Amino acid sequence: MTNAWTDIKNTDLVIVMGGNAAEAHPCGFKWVTEAKATRGAKLIVVDPRYTRTASVSDYYAPIRPGSDIAFLMGVIRWCIENDKVQWEYVRNFTNAALLVKDGFGWSDGLFSGYDEEKRDYDKADWDYQIGDDGYAKLDMTLQDPRCVWNLLKAHVDVYTPEFVENVCGTPKDRYLQICEMIGECSAPDRVMTSMYALGWTQHSKGAQNIRGMAMLQLILGNIGMRGGGMNALRGHSNIQGLTDLGLMSNLIPGYLNIPTEREPDWQTYMSTREFKPLRPGQTSYWQNYSKFMVSFMKAMWGDAATAENDWAYHYLPKLDVPTYDVLRMFELMKQGQVNLYFCQGFNPLMAFPNRAKLTEALSKLKLLVVMDPLETETAHFWENHGQYNDVDSASIQTEVLELPTTCFAEDEGALVNSGRWLQWHWPGGSPPGEAKNDTWIMANLFQKLRKLYQDEGGVFPEPILNLSWNYADPLDPKPEELAKEMNGRALRDIEDPANPGTTLVAAGKQVKNFTQLQDDGSTMCGCWIFSGCWNEDGNNMARRDNSDPGDAGMFLNWSYSWPVNRRILYNRASADMQGKPWDPDRKLIEWTGEKWEGYDVPDIGVTSKPGEVMPFIMNQEGTSRLFTRGMMRDGPFPTHMEPFESPIANVLNPKMRGNPVSRVFVDDAEQFATSEEFPFVATSYRLTEHFHYWTKHNKVNASLQPEFFVEISQELAAEKGITGGSRVRVWGKRGQVWAKAVVTKRIKPMQCDGKTVHVVGIPLHWGFMGAAKKGWGPNSLTPFVGDANVETPEFKAFLVNIEPAAEEPVA
Amino acid sequence: MSDTAPQPTTAAANPPVQPLESNLLPSDVVRISATPDVPQPTRQLTKVAKLIDVSKCIGCKACQSACVEWNDTHPEIGENIGSYENPHDLTPDMFTLMRFSEWENPATNELEWLIRKDGCMHCEDPGCLKACPAPGAIVQYSNGIVDFIHDNCIGCGYCVTGCPFDIPRISKVDHKSYKCTLCSDRVAVGQGPACAKACPTKAITFGTKDDMTALANERVEDLKSRGYENAGIYDPEGVGGTHVFYVLHHADKPSIYSNLAENPRISPIVEGWKGVTKTAGMAAMGVAAAGAVLMGLFTRNKVEPEEEEAAERLVQDREGI
């Protein structure tokens with residue numbers, strides 16, 4: 001989230017699209033009901049189904065799964081055409097005025113530079129024109145045909161209301177009503193918030209869906225505002241923490257990058273990370289990259305990381321491919337190239353696509369280790385459960401070890417919520433049986449491995465032998481020790497640059513926050529963005545003071561929010577070019593003439609003058625980006641792309657299938673379905689009664705939603721002779737499932753490109769383990785392909801067929 | 001800290017951290033089933049109420065699970081019969097149930113998904129209590145709560161007939177009647193009902209009837225401003241008003257909310273019984289002294305032999321015996 005859960009109470013308009021907040025985030029949704037009840041805020045829901053969120057909405061419109069970009073580009077077009085633009089914001093706080101190279105263009109649904117064979121773009125021309133002074137050229141009058149604004153206008157021109165209706169299946173009158181409601185929020189004193197979740201991420205163009213709304217929010221001037229923002233509702237209670245800590249194959253904590261093979265040494269690695277400002281006087285905060293990186297290396301390897309050995313850069317793995325994401329790992333596993341797989345708090349057999357492929361892959365492992373509080377399907381993938389897991393156990397040779405872990409309620413530590421708050425929690429109970437917490441297990445494994453390297457050597461033992469491991473009990477690092485390590489400390493006295501000769505931080509003391517980190521090896525810090533969470537003031541994550549000056553919803557003394565306890569990112573943009581709040585009733589910070597101050601921690605140098613230093617300090621431009629240069633693989637603007645399995649061809653380019661630059665493995669490409677074979681669009685989702693595949697183990701949750709079902713419209717039910725509560729078979733190119741049918745008015749057929757499109761809703765939550773009735777997940781049916789930028793699987797739009805089925809035989 | 005609990009004012013407050021004496025005393029009972037001439041209490045407790053704002057409800061069923069957890073019931077893991085309602089009706093193990101109805105508003109042609117939390121309404125004039133022939137099986141406190149005292153229940157089912165909302169359910173296991181207690185045990189120590197505590201959107205709130213009525217009026221205003229011309233409060237007079245009441249977007253059509261009673265009244269037959277059952281009930285069971293009637297009323301923490309056995313089984317299961 002750019003903002004915080006508590007801030008949603010400040011909004012005028014909530015748009016829930018690409019998510020189902022009431023259903024999947026019922027506790028956070030309280031802030032929507034608060035905004036509605038106390039400020040008369042309105043709620044719009046755009047979703048293929050009339051959801052629980054829609055049930056309390058003020059306005060609802062249906063949309064065909066996978067067509068969100070067309071809708072969003074259409075709204076942008078409508079706003080521009082109807083002058084619903086926050087002009088001063090757009091001109092100054094976005095890159096609208098910057099000029100783009102002449103080589104950049106778009107036609108037939110593709111941007112310039114497409115190479116069909118490589119399934120990639122040459123992005124050299126997707127960038128600014130650079131002047132003789134080394135800065136990007138611009139035209140503040142927005143007249144130059146090559147300025148971002150005019151390119152955007154041209155780009156969205158195709159997305160007329162008729163186009164939107166035709167592609168999205170959203171009735172034109174409903175779409176235009178939503179445009180009107182959104183357009184009102186271009187006024188400086190009206191604000192919309194966007195709440196989205198996996199309904200946008202789980203597409204082969206998920207990142208571009210989100211870009212589309214981010215651009216709209218910038219055009220309306222709603223980023224950095226109280227009650228505004230782009231608010232990603234994270235799908236697990238600590239998934240924000242997972243991303244922050246870089247638990248992805250291409251990241252290190254704090255969104256730093258694992259090097260690639262093209263970066264064999266430190267100098268090469270750093271050469272592309274200098275982040276020189278692209279406009280004069282701009283902050284470009286990533287210029288501090290080396291401080292965060294060196295401090296991380298010192299946290300990892302202590303005295304073994306020195307200036308002379310480039311901070312032990314040679315210890316870091318170098319990626320030979322962009323990522324070893326889960327899809328790639330299972331592909332490699334299927335090819336027999338993986339011997340051992342560790343599943344820590346992860347149930348991929350239910351959580352990743354094409355279950356048949358996953359089972360085949362797991363069967364080729366020599367050893368599978370599952371660390372989990374529950375008996376997961378993954379750990380029992382080899383067990384025959386009749387139709388629910390019909391495997392030949394005797395033919396599977398994989399050895400499986402289950403290491404029981406504690407669950408979150410038995411642990412101490414911090415969870416990072418969607419709003420970036422690190423909230424410390426304490427154990428609510430003792431773990432059952434032999435369960436151990438994850439850090440205990442990892443520490444014991446590490447100590448045994450290190451001993452083996454010590455005793456027997458190895459190809460490259462140094463990174464393991466020299467790993468910094470300074471915990472009171474090396475077999476059981478405590479949450480406090482780990483948190484302090486993430487905060488960082490001085491390794492020797494650090495001089496105060498403002499007062500030479502005096503000490504800023506004494507050796508051994510915790511740094512106040514990341515602004516004190518150094519790139520000369522004098523500080524260590526495990527995760528720079530968390531720095532400040534446990535400094536010399538103590539555990540700031542454990543703070544529980546809910547006072548709220550100005551009723552602003554900031555709660556600065558409750559827990560700790562990264563970065564530097566800031567609650568709303570880009571909050572400098574809540575004030576105009578003179579530093580006065582756009583809306584005095586929504587003040588966050590303001591310029592006093594000397595400095596910035598207010599209810600939130602300013603997201604700008606406190607003495608940076610308004611009009612000189614622009615609000616988007618992480619960007620080299622100082623502005624936000626309507627045009628993202630070459631930073632995304634599938635284009636600097638979002639363009640309409642169909643899902644890989646779609647009922648209609650891409651109207652912009654009928655030959656184009658899915659996202660033209662998504663990675664597709666050969667076997668998977670052969671398993672994409674066509675609408676001739678599989679006429680119905682399926683989409684997957686959660687239900688409030690359950691949490692993922694966990695709560696089916698709990699008898700109370702299981703009683704509230706006991707059995708796997710699918711939802712279809714009355715029209716499709718009539719067409720197929722299906723009655724509510726009867727059993728149906730749903731099958732696709734990769735598998736089949738049986739479920740109870742829920743026949744509902746909440747799903748209606750849509751008209752898209754001359755065809756009637758029926759949607760089959762497939763909730764997740766059931767499997768072959770646990771207390772609930774045995775069932776399947778949607779992943780038995782879904783395609784093995786991910787987003788072009790981040791490889792999130794396409795769970796939200798795929799093709800199936802459906803028919804009535806005989807009742808389940810009594811066992 | 002005083003040694004008795006404060007009057008409950010809200011479900012949002014944190015619970016007291018020290019054990020408190022119950023603030024619901026035998027002497028606060030104003031009506032007792034099949035018992036004439038209940039001595040009138042010397043004090044009048046503030047009337048309480050639970051307000052269910054249907055327009056804020058997201059149907060998440062947190063109330064249902066909180067109810068199960070607090071009352072330690074064990075609903076069966078059933079099946080899906082083509083709807084989101086699970087279980088499919090109130091049961092002796094499910095005192096509250098989200099009921100879902102899909103309604104196409106003929107005035108706007110808009111679909112509305114109406115989700116109503118069903119359960120005991122705690123009538124000011126309780127039909128169950130009037131119908132009950134078992135002395136002391138149903139009581140009403142001066143704060144409005146209508147509670148079942150299971151030790152005195154004979155499982156005859158008259159309360160089901162007497163209830164204008166079809167709420168009580170008879171257990172096939174112990175042949176006692178069950179329904180929502182408005183968490184009388186929580187209210188007695190200054191807390192709100194478990195469902196209200198768990199509700200994430202404040203669709204369920206708890207406090208004094210006056211406060212809740214004021215809140216309900218605010219909500220009705222908000223709904224009217226959003227175009228729900230017939231928004232209103234459902235607090236039916238036919239049963240003297242209720243201590244669980246609703247805010248409805250369409251208060252002119254209660255039945256669209258999964259058959260909420262349009263005009264609930266106690267059946268004239270039950271009213272007719274009243275005199276008869278008094279006599280018949282008394283004759284059958286003998287006239288019980290008020291103290292005996294209330295026996296078991298405040299001893300709900302007593303461990304029954306069946307519970308001992310169940311606990312023993314659990315321990316054995318865990319130890320793998």
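## Domains of chain A

Chain A is divided into domain 1 (5–97 + 156–236), domain 2 (238–289 + 304–416 + 421–472 + 540–562) and domain 3 (666–804). These bounds come from an automatic or database domain assignment. The model is predicted: local features need pLDDT of at least 70, side-chain atom pairs count only at pLDDT 80 or more, and totals for chains, interfaces and linings use all residues. Residues are numbered from 1 along each chain as its sequence is written, while chains are lettered from A and ligands numbered from 1 in the order in which they are written.

The C-alpha centres of domain 1 of chain A and domain 2 of chain A are 32 Å apart. Their contact draws on 8 residues from domain 1 of chain A and 6 residues from domain 2 of chain A. Two residues are in contact if their C-beta atoms, placed from the backbone, lie within 7 Å. On the side of domain 1 of chain A that touches domain 2 of chain A, the residues divide into no nonpolar, 4 polar and 4 charged. In this scheme Ala, Val, Leu, Ile, Met, Phe, Trp, Tyr, Cys and Pro count as nonpolar, Asp, Glu, Lys and Arg as charged, and the others, Gly among them, as polar.

## Overall dimensions

Chain A holds 22 helices and 33 strands. Helices (H or I, at least four residues) and strands (E, at least two) are DSSP runs, numbered from the N terminus.

The C-alpha trace of chain A spans about 85 × 70 × 55 Å along its principal axes.

## Interface with chain B

Chain A puts 37 residues in contact with 33 residues of chain B. On the chain A side, helix H2 (30–39), helix H3 (52–55), helix H21 (699–704) and strand S29 (736–744) each supply at least two residues. H21(A) gives the largest share, 6 residues. By class, the side of chain A that touches chain B has 17 nonpolar, 10 polar and 10 charged residues.

## Helix pairs in chain A

Two packed helices are described by the angle between their axes and the distance between the axes. Axes are lines fitted to C-alpha atoms, for helices over the stretch in contact, and angles run from 0 to 180 degrees between N-to-C directions. Angles under 35 degrees count as roughly parallel, over 145 as roughly antiparallel, 65 to 115 as roughly perpendicular and the rest as oblique. A crossing is left-handed if the near helix is turned anticlockwise from the far one by less than a right angle, and right-handed if clockwise.

Take H4(A) and helix H10 (residues 206–219) of chain A. Their axes come within 9 Å and cross at roughly 15 degrees, so H4(A) and H10(A) are roughly parallel to each other. The crossing of H4(A) and H10(A) is left-handed. Among the contact residues are Leu72(A), Ile76(A) and Cys79(A) of H4(A), with Met213(A), Leu216(A) and Ile219(A) of H10(A). The contact of H4(A) with H10(A) has 10 nonpolar, 3 polar and 1 charged residues.

Helix H14 (residues 326–334) and helix H16 (residues 355–362) of chain A have axes that come within 7 Å and cross at roughly 55 degrees. H14(A) and H16(A) are therefore oblique to each other. Their crossing is left-handed. Phe330(A), Met333(A) and Lys334(A) of H14(A) meet Lys357(A), Leu358(A), Glu360(A) and Ala361(A) of H16(A). That contact comprises 4 nonpolar, no polar and 3 charged residues.

For helix H7 (residues 161–168) and helix H8 (residues 172–183) of chain A, the axes come within 9 Å and cross at roughly 120 degrees. H7(A) and H8(A) are therefore oblique to each other. Their crossing is right-handed. Pro161(A), Val164(A) and Glu165(A) in H7(A) contact Lys172(A), Tyr175(A) and Leu176(A) in H8(A). The classes here are 4 nonpolar, no polar and 2 charged.

## Backbone exceptions

Most residues other than glycine have a negative phi, and most peptide bonds are trans. Asp83(A) is not a glycine, yet has a positive phi of about 55 degrees. Asp83(A) sits in the loop between helix H4 (68–81) and helix H5 (87–93) of chain A.

Trp562(A) and Pro563(A) are joined by a cis peptide bond, with omega about -10 degrees. Pro563(A) lies in the loop between strand S23 (560–561) and strand S24 (589–591) of chain A. In chain B, a cis peptide bond links Asn86(B) and Pro87(B), with omega about -10 degrees. Pro87(B) is in the loop between helix H1 (62–71) and strand S3 (97–104) of chain B.
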